[in-house]
Amino acid sequence: DSTLAVHNGEREGRPRVSDCLTTPVCMTSTYWFKDTAELIAYQEGDYGSFEYGRYGNPTSRACEEKIRLLEGGEDCLLSASGMNTAVCMLLALVPAGGHIVTTTDCYRRTRQFVQTFMPKMGISCTVLDPSDYDGLEKALNEHDVSLYFSESPTNPYLRCVDVERISNLCKPKGCLVCIDGTFATPINSRALDFGADLVIHSASKYFGGHNDVLAGCIVGNKEAVGKVRNFHNIMGGVIDPHAAYLVLRGLKTLSLRVARHNENAQRLAERLEQHPKIDRVHYPGLKSHPDHDVAVKYMKGFGGVVSFEIKGDLWATAKFIDSCELPYIAPSLGGVESLIEQPTVVSYWDQGAEKRAEIGIKDNLVRMSCGIEDYEDIEADILQALEQIPQL
């Protein structure tokens, strides 16, 4: 009975799945071969298979192909998280004793890896303001730079980099350009079209779109992605097939959702800029943003995240956050629900005021990820919460 239970209905012929409307979730850790000749054909590249689950999966591959086409790249690799993607990319492409260039405004965990782990491999780093192109040229002349890596827009101040200018500086020096496009998505901006070699995403954000999956991806130059894939095959960090399916499903409505995210964030940024209790709004769609001209050059829409500074201290800002009723107080972004956070508390509470000031995180800074709710409801809630802050 056990033998029948294990093998019946599968070994001698499985149900046809190619006519399923949705891509099947292939929950397998390994792949089988009918005989040694087929296995040898696979080893020599004449038979398509993944051999083992760490090297690929049909569900994941379908998702990778969709992302590749959206970004206009040559190859794509999906992994278990955005940080896994970033770490694998850095370790695969930067040699021991190498040098990278990155920017000041970025995700904390990326900065943490670059500044605390990579030096253990003798890898040094030049950290520049996103608009310091003279500094980039100087670094390229003084160091053997393997990689330029920046978000665009960045987190949390939404700085935007001139990808074409950066690529023109880096390419003659043999330096790869990798852009983290999480905040943009390929719906708003495709860095590969302007000379970037690679784009990475936290696919947990807009790609998944529903705050229910962790995933990351890298897309672009086939040779470079291949090097990352080979390293990823060793390290693991493999995405679960069901998680890959959730990203795949989310991608189908990406353009519809991003259009609403863009609209809600743009309207909110414009409204907040006129509010007496707001000191400053950071949003690339505003003419007041330092990189507005760059954003206009590269972006069709400016994304769903708005950062702004309350006129008040840490606790006045916390009062505003606590008074909001529609957005959830939570990290992350890009989902259908609006999320709001005070970076000082969510991401940098352990740093202390002096360290936070050193890296540019202000106690009165708020980051809001606008969801796809009706704009009027978002605005009404933010305005009523601002009313709860005592007038200075």
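**Side chains and backbone**

Guide: A place to begin is the salt bridge in which the side chains of Asp 197 and Lys 171 meet, at 3.7 Å from N to O. The two belong to distant parts of the chain, 26 residues apart, with Asp 197 in the loop between α8 and β6 and Lys 171 in the loop between α7 and β5. Please keep in mind throughout that this is a predicted model.

Visitor: Is Asp 197 buried or exposed? And what about Lys 171, how accessible is that?
Guide: Asp 197 counts as buried, at 12% relative accessibility, whereas Lys 171 counts as partly exposed, at 38%.

Visitor: OK, how many salt bridges does the structure hold?
Guide: There are 20 salt bridges in the structure. One of them joins Glu 341 and Arg 367, whose closest N and O atoms are 3.0 Å apart.

Visitor: Where do Glu 341 and Arg 367 lie?
Guide: Glu 341 lies in strand β11 and Arg 367 in strand β12, so this pair ties together parts of the chain that are 26 residues apart in sequence. Both Glu 341 and Arg 367 are buried.

Visitor: What about Arg 61, which residue does it form a salt bridge with?
Guide: Arg 61 forms one with Glu 64, and the closest N and O atoms there are 2.6 Å apart. The two residues sit in helix α3, which covers residues 58-71, and because they are three residues apart they are separated by about one helical turn. Arg 61 is partly exposed, with a relative accessible area of 29%, while Glu 64 is buried, with 6%.

Visitor: Which residues are linked in a network with Arg 61 and Glu 64?
Guide: Asp 75 and Arg 229 are linked with Arg 61 and Glu 64 in a network of salt bridges.

Visitor: Switching topic, how many aromatic pairs are there?
Guide: The structure holds eight aromatic pairs. Among them is the pair of Phe 33 and Tyr 42, which is tilted, with 5.5 Å from centre to centre and 45° between the planes. Phe 33 is buried, at a relative accessible area of 17%, and Tyr 42 is buried as well, at 16%. Together with Tyr 47, Phe 33 and Tyr 42 form one aromatic cluster.

Visitor: And disulfides, what does the count come to?
Guide: The count comes to zero disulfides. Cys 26, for instance, has its nearest cysteine sulfur, that of Cys 20, 9.6 Å away, and Cys 26 is partly exposed, with a relative accessible area of 25%. For Cys 324 the nearest cysteine sulfur, that of Cys 370, is 11 Å away, and Cys 324 counts as buried, at 10% relative accessibility.

Visitor: Now the backbone: which residue does a cis peptide bond join to Pro 153?
Guide: That cis bond joins Ser 152 to Pro 153, with omega about -5°, and Pro 153 has its place in the loop between β4 and α7. The peptide bond from Asn 155 to Pro 156 is cis too, with omega near 10°, and Pro 156 is in the loop between β4 and α7.

Visitor: Last one: what is phi of Thr 185?
Guide: Phi of Thr 185 is near 65°, a positive value in a residue other than glycine. Most residues other than glycine have a negative phi. Thr 185 is in helix α8 and counts as buried, at 1% relative accessibility.

Methods: Residues numbered from 1 in each chain as written. Predicted model: local features only at pLDDT ≥ 70, side-chain atom pairs only at ≥ 80, totals over all residues. Heavy atoms only, no water. Phe/Tyr/Trp six-rings, centres within 6.5 Å; stacked < 30°, edge-to-face > 60°. Buried < 20%, exposed > 50% of the residue type's maximum accessible area, 1.4 Å probe, protein only. Salt bridge = Lys/Arg side-chain N within 4 Å of Asp/Glu carboxyl O. Helix = DSSP H or I, 4+ residues; strand = E, 2+ residues; numbered from the N terminus. Disulfide = S-S within 2.5 Å.
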